[in-house]
Amino acid sequence: MEGQEQLMLVMGNITKRFPGIVANDHVNFELRKGEIHTLLGENGAGKSTLMNVLDGIYYPDEGEIAIEGKRVNLRSPLDSMKHSIGMIHQNFMLVASLSVIENVVLGLESQGFYIDKKSVAHQIEAIAKKYNFRVDPYAKIWQLSVGEQQRVEIIKTLFKGARILILDEPTAVLTPQESEELFGILREMKSEGKSIIFISHKLNEVMSVSDRITVLRKGRLVGTVDTASITERELAKMMIGRDILFRLERKDIEQGREVLTVEDAQAYNDRGTMALNKLSITVHGGEIMGVAGVAGNGQVELAECITGLRHLVSGHITVEGIDVTNATPCTLASAGVNYIPADRLGVGLVPNLSTVENAMLRKYRQQPMCRGAFIDYGAACTYADGLIEKFDIAVPLKNAPVKVLSGGNMQKLLLAREIEENPRLLIAEHPTRGLDVGATEFVRKTLLEQRDHGVAVLLISEDLDEILMVADRVAVMYEGRIVGIVDAHHVDIAQIGLMMAGAVGVKA
Amino acid sequence: MNPTFGTILIKVLAGAIQSGTILLLPTLGEVLTERSGVLNLGLEGLMLIGAFFGFLGAIKTGNPYIGLLLGMVAAGAAAAIHAFICVTLRGNQTVTGLALTIFGAGLTSFYGDHWVSQRLTTAIKPMAIPGLSQIPVVGPILFSQDLIVYAGYILVALFWFLLFKTKVGVNLRAVGENAKAADAMGINVAGTRYFWTILGGALAGAGGAYITCCIHPYWLNGITSGKGWIAVALVVFAMWNPFNALVGGFLFGSIEAMQLQLQAGGTYINSALLSMLPYVTTFAVIIVATLIVRVRHVGTPKELGIPYAREEK
């Protein structure tokens, strides 16, 4: 039944490299006519890169693309549009102050100089009617809900005659009801013979909507399977990989008392929606609590709340029994909370200040660096030298801006500065992201050392391997709450995968 | 007939239209430039360049229209420098705009010194429109003007239509509101920004040249006396709409004409205080416009002043 004429799209041996990373490593992908095909994988698995290649945003370093058997060369989104490929990005490509009509005709070549709004409005309504939804063509985009905006995106691609639709995590921004409606639209389009590529990591959706599933992991193809012949559990395993690399050596130490307790924490994210949903978690001295989860499930907000960078709407945070709910970062620092933020050059360090100045940021208010209104730079230099030697940081020029250091050395400096404060609680957010093997190992070992010294460590990471390698317990976050905590020593990978994808453990 | 209050008023208002056109042209240009996402604070400099080269062209050729054209070309060329720095090099638009103002003032003072106090023998003359100019009151105010004023009327209508009714306008607005989305739709972002920045510059130049080729047909250093800055403020007042630019331009033209008339009529009010009037009004207008923009959810192009670069990982 796999006749060539049924294939809409073939991507062969696609390789795309970025400095320091191979985002797609000889990936093969094929799409049949009239199928919904899911592209599944964790963050950084290469899904978006592969689709951006198809949309002409990236040009692949190797590999070829064929549409209906003909080789094509896609150099820009315009090229892709001409080959009837339409991508609906996660961040909508809509102009907020323009109307639906104007957004639809934007860049359309078939339209003349003068925009005949009435006729375009009729066509928009006709498309909407065909798929059983409604949209006001004259409404401005900013007046529409996120779900409605997504429909405008769909109309836009259909208007341009797309026969291959790519939807990049379309349900991430939708309510469950809106998601259901979207699936209805997708099934309708499928029955019309359109081919749909659906990117997601929510397993239940994937199982319900797709015909086939292609799984990517770390830029490589894991395999393509028929949805009917696979279970969620097997899929989770494919997505995450069955092999845990190795666990780092650790001393068996007695677990200390509770250092961090978060109770029923609620907080908003920057867009004003609830990011923490009555979240509770406890971390003890001498343990590393790994926080796993797909990006955007509230991990960032959790770290920010604990470090005083984000306001808690309700709930409590205590450190060593002292209530530090909505305390300032300064108070928290003196309470023994130290922080390795994900954005090391934006939040952790001041890019244009020197190594010495960055090193003294936690110390300059105290003796001996503080001399009344003045700072004793001699003492600051001595202190920085001490850190550089102790942590073996390669600093070419102590007085040059810290931004010229390599990523690994920046992270070492940041880690050194925070650890010298003798923390009681250390929050590390993606501490090894973008680091080379040596620096990664150093960071992980340092975290383990801190644990052995009785420090409570909260390790937030998207890299599940890292968490399993370093952590004692793993808490899985999904939609702003902890959906389960498992022992990292006896872990069931598939179980974690299911929890990350929201398939189990979610309370309504 | 003795000059009655009515005839004086008509004369003042006709003058207001002329003064208003000086402001209208750069404001219209800047409306379009800013709609494309480029902030050009160099209007004052561009107007000076337009005024000087307009004067130079007019005095050399004896034809004020050729002068006006030369003024537009020169200011357009200067705006192209702005576009190059802001679009291609992704420089800071505020600083570049200010530099452009200083550059325009410096350049025209340097070469203009030689021409100070020389007069044009032929300036642009009014051309009453047959028929329309016979209408009582409205005729002498609106339709007994020169060609540049009429061009101003036409450009307002033309740009309004272009901006809101055509694909060119949608593309232009999309580039200034969300360059990434426009790029994804296959619109040439850099090209769009270059085009409208240069056209905006040429219109600022036309505003300047209109001063020296018609209203005050002689050269003085700094002859634009801050009109470029008023135009920058008028863009906000106009809420980036060509029709409002017309209203704003003529409103300010009226204040200017009234202030001149009061001075000529010999009031007790200090003349320096009266000259301040347009600038004080600018403040008031900006405050009101800003409040309206905030409430109405329209106005400032979202990506005004933000350079665009296609991101690579």
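Visitor: How many residues of domain 2 of chain A are in contact with residues of domain 3 of chain A?
Guide: This is a predicted model. The domain assignment of chain A places domain 2 at 245–336 + 424–508 and domain 3 at 350–421. Taken over C-alpha atoms, the centres of these two domains of chain A are separated by 27 Å. Domain 3 of chain A brings 8 residues to the contact, and the number from domain 2 of chain A is 12.

Visitor: Is α2(B) parallel or oblique to α10(B)?
Guide: Helix α2 (residues 43–61) of chain B and helix α10 (residues 227–237) of chain B pack with their axes 7 Å apart, at an angle of about 130°. Angles over 145 degrees would count as roughly antiparallel and 65 to 115 as roughly perpendicular. The angle of about 130° therefore makes the relation of α2(B) to α10(B) oblique.

Visitor: How many residues of the contact of α2(B) with α10(B) are nonpolar?
Guide: In the contact, α2(B) supplies L43(B), E44(B), L46(B) and M47(B), while α10(B) supplies K227(B), G228(B), W229(B), A231(B) and V232(B). Of the residues in this contact, 2 are charged and 1 is polar, and the nonpolar count is 6.

Notes
Residues are numbered from 1 along each chain as its sequence is written. Chains are lettered from A and ligands numbered from 1 in the order in which they are written. This is a predicted model: local features need pLDDT of at least 70, side-chain atom pairs count only at pLDDT 80 or more; totals for chains, interfaces and linings use all residues. Axes are lines fitted to C-alpha atoms, for helices over the stretch in contact, and angles run from 0 to 180 degrees between N-to-C directions. Helices (H or I, at least four residues) and strands (E, at least two) are DSSP runs, numbered from the N terminus. Angles under 35 degrees count as roughly parallel, over 145 as roughly antiparallel, 65 to 115 as roughly perpendicular and the rest as oblique. Two residues are in contact if their C-beta atoms, placed from the backbone, lie within 7 Å. Ala, Val, Leu, Ile, Met, Phe, Trp, Tyr, Cys and Pro count as nonpolar, Asp, Glu, Lys and Arg as charged, and the others, Gly among them, as polar. Domain bounds come from an automatic or database domain assignment.
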